[in-house]
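Notebook open, model loaded. I wanted to look up some helix packing and some charge pairing.

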Amino acid sequence: MKAIKPEDRRTRKMVDNFIEKHGEDVFREFVAGLVNDESGGEWARRLGVSRERVRQWRDTFVKRIVYISPVAIVQDRLT
């Protein structure tokens, strides 16, 4: 049997706590909002928590992948 990593336990606990306080539907909406890069400030106001708490949840609940590429005119200049 595969052992659960400590960070997975932490994430599961945070998810359970969020759902217990705000509900399953709000959790689903919140994660969808994070994926769609909605304002953390708006979510903080809606949920009655700090923007820092929203940032902590975001960093725990979703993986952020940033793609950085030079704009076309810069790329042309480099080639």
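Which residues are linked in a network of salt bridges? I found Glu 52, Arg 55, Arg 58 and Asp 59 linked this way, a salt bridge being a side-chain nitrogen of Lys or Arg within 4 Å of a carboxyl oxygen of Asp or Glu.

Ground rules for myself: this is a predicted model, where local features need pLDDT of at least 70 and side-chain atom pairs pLDDT 80 or more, while totals for chains, interfaces and linings use all residues. Numbering starts from 1 along each chain as its sequence is written, and side-chain values use heavy atoms, without hydrogens and water.

I looked up Arg 55 with Glu 52 and got 2.5 Å, N to O. They sit three residues apart in helix α4 (residues 51–61), so about one helical turn separates them. Asp 59 pairs with Arg 58, with the closest N and O atoms 2.9 Å apart. Arg 58 is partly exposed at 24% relative accessibility (buried is under 20%, exposed over 50%, partly exposed in between, 1.4 Å probe, protein chains only).

Entry on another bridge. Arg 45 reaches Glu 42 at 2.4 Å between the closest N and O atoms. Arg 45 is exposed at 61%, whereas Glu 42 is partly exposed at 46%. I count six salt bridges in the structure.

Entry on packing. Helix α1 (residues 6–22) and helix α2 (residues 24–35) have axes that come within 7 Å and cross at roughly 120° (lines fitted to C-alpha atoms, for helices over the stretch in contact, angles from 0 to 180 degrees between N-to-C directions; helices are DSSP runs of H or I, at least four residues, numbered from the N terminus).

Conventions. Helix = DSSP H or I, 4+ residues; strand = E, 2+ residues; numbered from the N terminus.
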